[in-house]
Amino acid sequence: ARCSVSAAFDGDGVLTGFGWVISDLGERWRVDGALRSTDAHARAVFEGAADAVIVGEIEADGRIRYVDANAAWERLTGLRRSAFESRFLDEADSAVVRALLPRLVDAIASRTATRLEQDIETPAGRRVVDLSIAPLPTASGEVGRVICVLRDRTGEHQAALALRENEERYRLVFDNVAESLF
């Protein structure tokens with residue numbers, strides 16, 4: 001509980017009365033606790049996501065300022081989040097960010113969620129990723145933030161390529177064998 005006391009004095013400085021208000025802060029503490037719990041849960045989901053996520057804030061001049069990224073971003077790109085703190089994405093010395101930036105700008109300009117496949121060069125080599133880019137509007141309707149999710153599809157892409165190559169080899173063998181038999 002919180003207690004507030006106020007005193008009233010006359011022109012000569014003599015106490016003429018006082019009042020107090022007692023407030024029950026229990027409900028506020030419960031709400032604050034629930035918000036902290038929700039924030040902690042959201043953070044755990046963000047950090048535990050298998051897909052790489054980066055969040056940017058759109059400044060008045062249209063530039064994108066880094067806000068946050070998850071651990072999967074670091075694993076996929078090899079880029080430390082601390083290297084981006086309080087920086088604009090166009091200041092990053094990174095092939096990954098240079099490849100993503102035009103896509104982010106296009107999605108922000110169109111104000112529509114975008115999904116596409118993109119090749120990126122990481123310190124670990126070339127990766128094929130599905131990009132999901134979502135511009136997030138503010139209460140006034142302007143785009144205030146952008147979220148970019150990168151799902152690494154390199155393994156699937158390599159498997160599909162290997163399957164096509166095998167099919168081509170088998171087709172050549174079959175065609176050559178069929179010609180020899182007839």
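**View 1. Arg-127 and Asp-152 pair up across two strands.** In this predicted model, the side chains of Arg-127 and Asp-152 meet in a salt bridge, with N and O 2.7 Å apart. A salt bridge here is a side-chain nitrogen of Lys or Arg within 4 Å of a carboxyl oxygen of Asp or Glu. Arg-127 belongs to strand β6 (residues 125-137) and Asp-152 to strand β7, so the pair ties together parts that are 25 residues apart in sequence. Helices (H or I, at least four residues) and strands (E, at least two) are DSSP runs, numbered from the N terminus. Arg-127 is partly exposed, at 24% relative accessibility, and Asp-152 is partly exposed too, at 31%. For these labels, buried means under 20% relative accessible area, exposed means over 50%, and partly exposed is in between (1.4 Å probe, protein chains only). Elsewhere, salt bridges that share partners link Arg-43, Glu-47, Asp-68, Glu-74, Arg-80 and Arg-81 into one network.

A word on the ground rules: residues are numbered from 1 along each chain as its sequence is written, and side-chain values use heavy atoms, with hydrogens and water left out. As this is a predicted model, local features need pLDDT of at least 70 and side-chain atom pairs count only at pLDDT 80 or more, while totals for chains, interfaces and linings use all residues.

**View 2. Arg-151 reaches Asp-51.** Here is another salt bridge, with the closest N and O atoms of Arg-151 and Asp-51 2.8 Å apart. Arg-151 sits in strand β7 (residues 143-152) and Asp-51 in the loop between α1 and β3, so this pair ties together parts that are 100 residues apart in sequence. Is Asp-51 buried or exposed? Asp-51 is buried, with a relative accessible area of 17%, whereas Arg-151 is partly exposed at 38%. A search of the whole structure turns up 17 salt bridges. One of them joins Arg-98 and Asp-93 (3.7 Å, N to O), and Asp-93 is exposed, at 72% relative accessibility.

**View 3. Val-53 and what it touches.** Val-53 is part of strand β3 and is buried, at 11% relative accessibility. Leaving out residues up to four places away in sequence, Val-53 touches Phe-46, Asp-68, Ala-69, Asn-70, Trp-73, Ile-147, Cys-148 and Val-149. Touching, or contact, means heavy atoms within 4.5 Å. Val-53 and Leu-150 are 97 residues apart in sequence, yet 6.4 Å apart in space, C-alpha to C-alpha.

**View 4. Phe-46, a partner of Val-53 from helix α1.** Phe-46 comes from helix α1 (residues 26-48) and is buried, with a relative accessible area of 17%. Which residues does Phe-46 touch, not counting those up to four places away in sequence? They are Val-53, Val-55, Asp-68, Ala-69 and Asn-70. For a sense of scale, Phe-46 and Ala-99 are 53 residues apart in sequence and 23 Å apart in space, C-alpha to C-alpha.

View 5. Val-5, Phe-9, Leu-15 and Phe-18 make a nonpolar surface patch of about 460 Å². The elements giving two or more residues to the nonpolar patch are β1 (2-9) and β2 (15-23). Patches are made of residues with over 30% relative accessible area and no salt bridge; like charges are joined within 9 Å, nonpolar side chains (Val, Leu, Ile, Met, Phe, Trp, Tyr) within 5 Å. Areas come from the Shrake-Rupley method with a 1.4 Å probe, and for residues only the protein chains shown count as cover. Phe-9 sits in strand β1 and counts as exposed, at 54% relative accessibility.

**View 6. Two loop residues with positive phi.** Ser-86 has a positive phi of about 60° although it is not a glycine. Ser-86 lies in the loop between α2 (71-77) and α3 (95-110) and is exposed, with a relative accessible area of 62%. Arg-111, also not a glycine, has a positive phi near 60°. Its place is the loop between α3 and β5 (114-122), and Arg-111 is partly exposed at 44%.

**View 7. Helix α4 and strand β3, the two ends of the confidence range.** Helix α4 (residues 154-181) has the lowest confidence, at a mean pLDDT of 72, and strand β3 (residues 52-58) the highest, at 95. pLDDT is the predictor's confidence in each residue, from 0 to 100. Over the protein the mean is 85, and 92% of residues reach 70 or more.
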